[in-house]
Amino acid sequence: MLESSFGLAFFLKSPHKGSKIRAVYLRITVDGIPKETSTKRKWDSTRWDQRTERAISTKEDARSLNFFLD
């Protein structure tokens, strides 16, 4: 029987300029083959927790982004 694997990861991708505002990307991995796509959302890198892959804050904008990512 063949085994299948599936994974989702959200991360910030830095632009070529040295800005703190970065694009939120989604990486989907199926059977070891990764594909990336943009969520068309931007977020401040100082307010992002890479370990949990979520925005850090209790403000409405962070709640809205986290709800979108869920």
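The model is predicted: local features require pLDDT of at least 70 and side-chain atom pairs pLDDT 80 or more, whereas totals for chains, interfaces and linings use all residues. Residues are numbered from 1 along each chain as its sequence is written, and side-chain values use heavy atoms, with hydrogens and water left out.

**The core.** Please select Phe10, Leu12, Val24, Leu26, Trp43, Trp48, Ala55, Ala62, Leu65 and Leu69, the 10 residues of the largest nonpolar core. Such a core is a set of buried Ala, Val, Leu, Ile, Met, Phe, Trp, Tyr and Cys residues joined through side-chain atoms within 4.5 Å; buried means under 20% relative accessible area, exposed over 50%, and partly exposed in between (1.4 Å probe, protein chains only). Strands E1 (6-13) and E2 (21-30) and helix H1 (60-69) each supply at least two of the core residues. Helices (H or I, at least four residues) and strands (E, at least two) are DSSP runs, numbered from the N terminus.

**The salt bridges.** Next, select Lys13 and Glu36, which form a salt bridge with closest N and O atoms 3.2 Å apart. The term denotes a side-chain nitrogen of Lys or Arg within 4 Å of a carboxyl oxygen of Asp or Glu. Because Lys13 lies in strand E1 and Glu36 in strand E3 (residues 33-44), this pair ties together parts 23 residues apart in sequence.

Proceed to Asp61 and Arg47, whose side chains meet in a salt bridge (3.1 Å, N to O). Asp61 belongs to helix H1, and Arg47 to the loop between E3 and strand E4 (48-49).

Finally, select Asp70 and Arg54, joined by a salt bridge (2.8 Å, N to O). Asp70 is exposed at 69% relative accessibility, whereas Arg54 is partly exposed at 23%.
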